[in-house]
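Reader: Before we go through the terms used for this model, could you show it to me? I would like each label set against the value behind it.

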Amino acid sequence: MHDVGTVDEPRWRGRAEAVSSLFRTHHRRLVGLASLLVDDQGTAEDVVQEAFAGLYRRWWQLHDPHAAVAYLNRAVVNGGRDQLRHGRRATASLLRMTPRSEALPSAEHDAVEHEEADRMWQAITALPPRQRQVIVLRYYLDQSEAEIADTLGVSRGSVKRHASRGLAALARCLEAAP
Amino acid sequence: MTTSDLERRLTTVLHQHAENAMNRTHTDEQLQTLLVDTERDARRRRRGWIAGGLVAAAAAIVLIAWGPDLGSNQAETVTPAQVDTPTEVATGFLDAYASFDSDRVVSYLAEGSSRDEWLRDIRWNEAVGFRFLLDRCTKESSSPTGTVVRCAYDFYALRSDELGRGPFSDNVFTLTVQDGKIVAADQGLEFMSNGFSAQMWEPFAAWVAEAHPDDAAEMYADWPEQTMEATSDTSLELWDQNLREYVETEKQPS
């Protein structure tokens, strides 16, 4: 489970300062999460920016400051899904997992690993949005079924079905690869 | 490939991809972008708060300490010999506005002015305990459309004086006077730079949203944004009531 940090900033300091503090603590982590839910870096950063802008607008509604981090997590997950639903998918990052300089075939073993990783990533991006969300929350954030259900606002049974179908789809894609 | 093997590879790929994205982003640059965008948005919204009454919000605020300050600061602009000059009209208008004297405010307004908005804002200013501290009024320029008078002022608001916060400075009213009447008004309210937003507006907004969320929904015209007051009768009662409670709460030792 990723550390989501704590929020000890008194509201008295003002929301701009408090939100800035949260940004410095959580931005990088959230960009990483968003990058798994959308298909390009720019869109991932946009999703995170919108999440923080939403937090800024709703700051006074957060009765518990710790709810800010939960809000950001949900906003990024839901924002990523919205991006995919609206078809704003980029193709630039679909074929490669790592920067080109790190993916040079310096060794045959590395090349094979990169190819497998690329195939896996392509298969992930081909999943329906809900399956992709469940897979990311389960295998990246290490969330339990109950936590995923809470994050997505769905039943545990639904989480189980999406996870199962997602894994099956990934397995089929990898086995079909030459 | 077994399920556990698939899960292991999947976990590795997800972490690699996320790590690459994290390494490519620039948090400081992104934060600057966020702050610029939110500040621009807040300025636009708060401008609506100010313009809603033409100047009203701050103007009404100001006036209680007006008289004593005039003597020391306005010698160059307001003297008995200048009665009925544009500067005197502007001063009289702001004095009426700060004293919540609706009839006198209306008497200064040119035909066609949005009197209802002025009266509404006066009522809100009174409900939230605005105090307007005039520094001085100075004739700025004259043209066929009127004489422009600028009036610098400090203010207390939202009962900040009772909490020892403020006065909040660097504000300027710009009034255009023609034929002895106010034909245009604009308020410069430096609510961000002078500390009013951070010391009063935002803390009170946070408090009322938490302590009385149902009231807050009635008190702010743009709820849940909380950048613009609502001026219905119910809202005014809630502003008055909740500000008094907020002050009492803040005064209590923590």
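**A helix pair and a chain contact**

Author: In this predicted model, helix α5 (residues 129-139) of chain A and helix α6 (residues 145-152) of chain A have axes that come within 10 Å and cross at roughly 135°.

Reader: What makes α5(A) oblique to α6(A)?

Author: The crossing angle is roughly 135°, and angles over 145 degrees count as roughly antiparallel while 65 to 115 degrees count as roughly perpendicular, so α5(A) is oblique to α6(A). The crossing of the two helices is right-handed.

Reader: Which residues make the contact of α5(A) and α6(A)?

Author: From α5(A) come Gln133(A), Val134(A), Leu137(A) and Arg138(A), and from α6(A) come Ile148(A), Thr151(A) and Leu152(A). By class, the residues of this contact divide into four nonpolar, two polar and one charged.

Reader: Why is α5(A) called mostly covered?

Author: A residue counts as buried if 20 or more other C-beta atoms lie within 10 Å of its own, and nine of the 11 residues of α5(A) are buried, so the helix is called mostly covered. The buried residues include Gln133(A), Val134(A), Leu137(A) and Arg138(A), which also take part in the contact with α6(A).

Reader: How many residues of chain B are in contact with chain A, and which element of chain B gives the largest share?

Author: In chain B, 37 residues are in contact with 41 residues of chain A. The elements of chain B that give two or more residues to this side are α1 (3-24), α2 (27-51) and α8 (196-211), and the largest share, 17 residues, comes from α1(B). The residues on this side of chain B divide into 17 nonpolar, 12 polar and eight charged.

Conventions
Residues numbered from 1 in each chain as written. Chains lettered and ligands numbered in written order. Predicted model: local features only at pLDDT ≥ 70, side-chain atom pairs only at ≥ 80, totals over all residues. Contact = placed C-beta atoms within 7 Å. Helix = DSSP H or I, 4+ residues; strand = E, 2+ residues; numbered from the N terminus. Nonpolar A, V, L, I, M, F, W, Y, C, P; charged D, E, K, R; others polar. Axes fitted to C-alpha atoms, helices over the stretch in contact; angles between N-to-C directions. Parallel < 35°, antiparallel > 145°, perpendicular 65-115°, else oblique. Left-handed = near helix turned anticlockwise from the far one by under 90°. Buried ≥ 20, exposed ≤ 12 C-beta atoms within 10 Å, placed from the backbone.
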